[in-house]
Structures are given as structure tokens and as C-alpha cells.
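These are my notebook entries on a structure that I looked up. I record each point in the order in which I examined it.

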Amino acid sequence: MDYLKIKKASSLKGKIKISGAKNASLPLIAMTILAKNSVTINNLPNVADIKTLLKLLSNLGALCNTDLSNNSATIDTTTLHETKATYDIVRTMRASILVLGPILARFGHCEVSLPGGCAIGQRPVDLHLKALEHMGAVINIEAGYIHATAPKGLKGCEIIFDKITVTGTANIVMAAALAQGSTTIINAAREPEVVQLCEILNANGVKIEGIGTAVLTVYGTNGNLLDIKDFSVIPDRIEAGTYLCAAAITKSELTLEDVNAKHLGAVIAKLEEMGLTFSITPNTITIHPAQTIKHVKIITQEYPAFPTDMQAQFLALATQAEGTSIIEERLFENRFMHVSELQRMGANISLNGNVATIEGKTKLSGTDVMATDLRASSALVLAALVADGETSVHRIYHLDRGYDSLEKKLQAVGADIQRLKE
Ligand code: UD1
């Protein structure tokens, strides 16, 4: 197993190129199930979750010509014949549920292993299933598997999501793309990753109204497969946000390239409250250091509000802010696993339910820490950049799920970070 050894950084300097968004790539790869042609996707991040979904599609019979070192994959799903996503893959990546909508829409049946709980919370998929039932699917849960059939095909209808769900919205948009008639999704997710999925479908024969709003209307093709043109994935706003926090915590100036600042509104606003300043162009963000980092109050919510996927990184940053910061996690009930590891490094954090209170500024000390989930891993890396001495971050397979070449990107801007074998 790999781990990262990180020494305290004096400061970072230079440019970091942001990779394509993992959370946009996953639904877009699943979307190729709706195509009658082979599709090349560019700007895919070279991360484990993308390999997992491509492996799942290959297992189902698709031909995937993958060149992730060049960030592209050509996917031909015309040969796809299996419709069962088995436990061995789904348990490694919950987002495998994204194949349910498109496979069901195309083949009229699909089985997907139930994802089960995960480190950050229960994460049920009940809203995905309820919506598909509204569209005419018959769904049974048996022996840990979701069995979905749509004997008469999926039918457009009105769906009201009780809660905003990102992969739930993507799944239903893809199912609705091949359904009979129109589907209106009320309380849809507005994340840029959902927007890109809708835009690509809209540009390739599926009319979608309300893109980027909470009410989407998808006009189904009545079973006609799509002719999808090649495209590139949008930049990863969470990766970008993480490197902005790396610059902020080390009081450095960094320029991010191939990034879209419009997707980072809430993150940049919070950093500004903390005293950081920015120079922004259409595809770069330069962050300028603050002499003193100010305390902050954050509530995680759905886009366009502050993302839960940036909560752990800001918590690490708040340990270096003057005064009392408060971070409330509203999306996942157990997403504070990084707190106990940061406490071991000397952070002064108290937890009360879903609210963390961080007293700063505290001196952090390097030690052995364990990553518990994807974003918690990057929070530990950020803390390690300012901790005295040396920090070893273990179990970085979590980090490898979503960060493309993190240690190489940080090395290139001056961090002392090495990947080693346990
Ligand atoms: C996606 C992102 C993840 C991010 C999360 C919230 C991907 C691949 N992953 O995850 O990085 O942290 O959005 O921004 O894009 N819920 C239900 N029932 C459901 C579905 C969701 O109760 O059927 C709840 C969840 O438990 C959670 C909330 O709704 O409390 C939001 O979850 P959701 O938006 O679905 O998260 P994911 O799509 O899994």
C-alpha cells in the first residue's frame, strides 16, 4: 500500500494545471450507454474511480479503448450485452449506481448491487429508485441487488425529489433521455457536473429545458439511441478548491490553469472572507496570500452554496485561522472522520453533532495519520504542509480515487512530498 511522506513547506510557488472533473466524468461515461456510436471523451482525470467505471462498462461488454495517461477514452457500448453491475465493483465505488438509469432505459432491465453504507454516511439510493418507479419501472430488492425492469419501457412523468441528489438527478436525466414523452424533474441538482451532462445530451438530440435550474424537462427519444459527438470534460472544481486551500494555508501565491472560477463562487467567497485575494481570468485563478488568515463560518449545502466536498479542506485551513471558526455539515451525517486525525496533529477542534468548532491558530505537528475518505485525505495533506517536522498520510488509496497526480502537482510548486510503499 502507498503512503505520502510530507515535510513542512516554507511556501509554494508556480502554476498547477487542473484536471477534468471526476464527478462530471462519471455520469458522462455512463451516458455513453445511451449512444449508438463510439464516443471519445477527452480531459478525463487519471484517477481510480474513472478506471473503475470503465472496468464496469468493459465487464458489461462495452469496448473501452482507454488512454488515461493522455486523459482520454473511446467507449463503444454497441457491444454491451450484460446488464448486471456486480458487488465486487459497486462496493469499491458507489457512483456505479449511475449505470442503472441508462441500462434500464436502453435494455428494459438492469441489476445493480446495492451500494451499502460508506465512511461518510448511509447514502441511500431510495430517491433514484422511487423516481424510476414513477417512470414505470418495477423495482425489487433481493439478496443485496436492485432488480429493475421496465417491461413497457420508461414513461415520462413529473418527479419531485424530496432532497436534492446529484447522482440521482443524473440517473433520472439519463433514463428520461430514452423514455417515451417528457419528464420534468423538480428540485433537481444544479451542480456544474449535472449541467454538463444535460448540455451534452441537449447537443446530441435530447431536448432539455431548464438546464442549470432546479426544474429540468427532458424530452425522451422513445427508445432511439443517440449519436453522441466527442467532447471534453469540465475542470474539477474540487481539485481546484483543494489547491486554493494549499496556497492559503502555506501563505503562497499559486496560479491554477484550466479552471473555471464561475464554478467556485462559494469557495472563493469564503476564502475572501478569510482574507485571501484573487486575480481571475476566464481559465485561470491566481490566489494571493493573506498575512493573517481570518476565522470563518461555513454551512455545507447543495450547489451553488458551499460544497460538502470542500468541507474537510476548509477545516484544515481553519486550524491556521485566527479565532473561532464554525463549520456545519448539512449533507452527510458522518463526514468528520478527519477531525480526530487533525486533533492528533494538535488541532483544537470540538465536535457537536454535525457542527465542528475550530479554535485557531494552532501549531500542528507532523505524525502518522490515516486517510478515511477521499476529501479527508486531502485535508490531511494540507495540514501536513504546515505541520512541524514530517507527516505520513496512510491509506491514500482514498486520495487516488479522485486526485490526479496530487503529489506530482504539489512537488512541481515546491512541496516536499513523496509517495512511498508501506
Ligand atoms: C455526489 C458527489 C459527491 C458529493 C455529493 C454531494 C458524485 C459522483 N459524487 O454524491 O462527491 O459529496 O454529491 O454534493 O457526483 N440521498 C438520499 N437518498 C438518495 C440519494 C441521496 O437520502 O436516493 C441523500 C444523501 O444521503 C445525502 C444527500 O441526499 O445526504 C445528497 O446526496 P447526493 O447528492 O445523492 O450525493 P451523491 O450523488 O451520492
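**Entry 1: helix H6.** I began with the span of H6, a helix of twelve residues. From its first C-alpha to its last, H6 reaches 17 Å, close to the 16 Å expected at 1.5 Å a residue. The expected span is 1.5 Å times one less than the number of residues. Helices are DSSP runs (H or I, at least four residues), strands are DSSP runs of E (at least two), and both are numbered from the N terminus.

I note that this is a predicted model, in which local features need pLDDT of at least 70 and side-chain atom pairs count only at pLDDT 80 or more, while totals for chains, interfaces and linings use all residues. Residues are numbered from 1 along each chain as its sequence is written, and side-chain values use heavy atoms, with hydrogens and water left out.

I then looked up burial. Among the buried residues are Gly-168, Asn-171 and Met-174.

At the N-terminal end, Thr-165 caps H6, with a side-chain oxygen 2.9 Å from the backbone nitrogen of Gly-168.

**Entry 2: the ligand.** Which residues come nearest to the ligand? Of the 19 residues around the ligand (a heavy atom within 4 Å), Leu-127, Thr-165, Thr-167, Asp-309 and Leu-331 come nearest. By class, I found nine nonpolar, five polar and five charged residues in this shell.

I next listed distances. An N or O atom in the side chain of Thr-167 is 2.6 Å from an oxygen atom of the ligand. For Val-166, a backbone N or O atom lies 2.8 Å from an oxygen atom of the ligand. A nitrogen atom of the ligand lies 2.7 Å from a polar side-chain atom of Asp-126.

The elements that give two or more residues to the shell are H1 (22–31), H5 (126–134) and H6 (166–177). The largest share, three residues, comes from H5.

**Entry 3: Ser-252.** I located Ser-252 in the loop between helix H8 (237–249) and strand S15 (253–257). Is Ser-252 buried or exposed? Ser-252 is buried, with a relative accessible area of 2%.

A polar atom of the Ser-252 side chain lies 2.7 Å from the backbone nitrogen of Leu-12. I also recorded that the side chains of Ser-252 and Thr-250 are joined by a polar contact of 2.7 Å. A polar contact is a pair of N or O atoms within 3.5 Å; within protein, one must be able to donate a hydrogen and the other to accept it, and residues adjacent in sequence count only if both atoms are side-chain atoms.

Note on methods. Nonpolar A, V, L, I, M, F, W, Y, C, P; charged D, E, K, R; others polar. Buried < 20%, exposed > 50% of the residue type's maximum accessible area, 1.4 Å probe, protein only.
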